[in-house]
Amino acid sequence: MPGGDALRALRWLSRSTGGLLSGSETTTQRCLTKSFSRSMATESQATTEHLTREAPKAVWTTEPARATTYSFPSMEPLRFVEYPRNHLLMPLRKDILHRAVIYEGDMTRQGSASTKWRDDVHGSGRKLHAQKGTGKARAGDKKSPIRKGGGVAHGPHPRDFSTSLPQKIYDQAWRIALSYRYRRGQLIIIDNDISVPEDATPYLIKEIFKVNNWGREFGRSTLITDQLDEGLFATVREVGEHAKILDRKDVDVKDLLETGRLIIEKQALDRILANHSRDLAVKPAKALY
C-alpha cells in the first residue's frame, strides 16, 4: 500500500545515522555553539570593562559658612563674615537638641516642695480609743493622714531634679541650634550694638519690627545682646507680644529654638561659639623625655 511504503521510508530516515535529520541536528548544534561562544566573549569583555573603569571619587567641600552682618536699626548690609563649618553648618540632630532642652529644664526645677509625713508631725503615737466596744470606727493615732492636722500621705520632700549630660553633647546642642537657624535664614547678625535712642518709645520698636517682618504675625523674635542695657530691655518688654530680649548670659538652647528668628549681636555670637566649642579644641602635644 502506498501509505505503508511512506511510513516505512519515514522510519528508515529517522533511524539512519547519515540521514536528513542528523544533518539538521548538526547544523543546529553548530549555530548554537557559535552564538553561545559569541555571547560569552561579549560578557567577558563587558566584565573586563567594568573592572577597569574607575569609581567616582567623593568630593568633600570645606567651604566655611558665610553670613551677612547688618546695622541696627536701619538693617543696612555691612559686610560678610565667615564661620567654620562645625560652628554654623552642623547637621540637624533632634535627639541632641531634645536632651539639651530636658537637661536645662531639669536644672531649673527647684525641688523645694516639702510636706510633713506621718512621722514628721509632732504628737503622741497613742491609739485614740479602743479598737472595739465604743461604737466608733477603728482609729489609730492623731497623726493619721485622714485626720485634720495629721501627716500627708506620700507628700513631696525636697529633692534634686537635675540630670547629667556630657559637656561635649551640650556644646554640640548649642552649635546645632545655631546651625538650624542659619540654614533657614533665621539668624540675623548685627555688626554693631542693638541700641535705640534714650527717648525711644515702644512705637519705634513696633515700627522696626513691622518694616522687617519680625512681628507677631511672622513669629516672635528673640533679641540677644552682649551687654545688659536697662533702657533697651525696658522698651522691648513693653512690646512683648512681638519680641523678647535676653542677655547673652541668660540664653539657653531652648531660647534659640523658641521663637521665629534670632537677632543677635556679632560679639555675643562669637562669645557663645567660643564658650561652646570646647569639644573642638585641639589638645596640646605632650612633651617627650
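**Charges, cores and backbone**

Biologist: Let's start with Asp 226: buried or exposed?

Modeller: Asp 226 counts as buried, at 3% relative accessibility. Buried stands for under 20% relative accessible area, exposed for over 50%, and partly exposed for what is in between (1.4 Å probe, protein chains only). Do keep in mind that this is a predicted model, where local features need pLDDT of at least 70 and side-chain atom pairs count only at pLDDT 80 or more, while totals for chains, interfaces and linings use all residues. Residues are numbered from 1 along each chain as its sequence is written, and side-chain values use heavy atoms, with hydrogens and water left out.

Biologist: Got it. Which side chain does Asp 226 meet in a salt bridge?

Modeller: Arg 271, at 3.4 Å, N to O. A salt bridge here is a side-chain nitrogen of Lys or Arg within 4 Å of a carboxyl oxygen of Asp or Glu. Asp 226 sits in the loop between β4 (221-225) and α7 (230-237) and Arg 271 in helix α9, so the pair ties together parts 45 residues apart in sequence. Helices (H or I, at least four residues) and strands (E, at least two) are DSSP runs, numbered from the N terminus. Arg 271 is partly exposed, at 34% relative accessibility. Arg 248 joins Asp 226 and Arg 271 in a network of salt bridges.

Biologist: How many salt bridges does the structure hold?

Modeller: Eleven. Another one of them pairs Arg 79 with Asp 191, at 2.7 Å, N to O. Since Arg 79 is in strand β2 and Asp 191 is in the loop between β3 and α6 (202-211), this pair ties together parts 112 residues apart in sequence. Arg 79 is partly exposed at 41% relative accessible area, and Asp 191 is partly exposed at 25%. There is also Arg 93 with Asp 95, at 2.8 Å, N to O.

Biologist: What about Asp 247, which is buried yet has no salt bridge: what is the nearest side chain of opposite charge?

Modeller: That is Lys 249, 5.6 Å away. For charge, Lys and Arg count as positive and Asp and Glu as negative, with His and the chain ends not counted. Asp 247 belongs to strand β5 (residues 243-247). Leaving out residues up to four places away in sequence, Asp 247 touches Thr 225, Asp 226, Gln 227, Leu 228 and Phe 233. Contact means heavy atoms within 4.5 Å.

Biologist: Changing topic: which residues touch the most other members in the largest nonpolar core?

Modeller: Leu 178, Val 253 and Leu 256, out of 32 residues in that core. A nonpolar core is a set of buried Ala, Val, Leu, Ile, Met, Phe, Trp, Tyr and Cys residues joined through side-chain atoms within 4.5 Å. Elements that each supply at least two residues of this core include β1 (65-71), β2 (76-83), α4 (94-108), α5 (167-183) and α9 (266-275). α5 gives the most, with seven residues. Apart from this core lies another, of 19 residues, among them Val 196, Ala 200, Ala 243 and Ile 263.

Biologist: And at what angle do α5 and α9 pack?

Modeller: About 145°, with their axes 9 Å apart. Those axes are lines fitted to C-alpha atoms, for helices over the stretch in contact, and angles run from 0 to 180 degrees between N-to-C directions. The contact involves Asp 171, Trp 174, Arg 175 and Leu 178 from α5, and Leu 269, Ile 272, Leu 273 and Asn 275 from α9.

Biologist: What is the phi of His 154?

Modeller: About 55°, positive although His 154 is not a glycine. His 154 is found in the loop between α4 and α5 and is exposed, with a relative accessible area of 77%.
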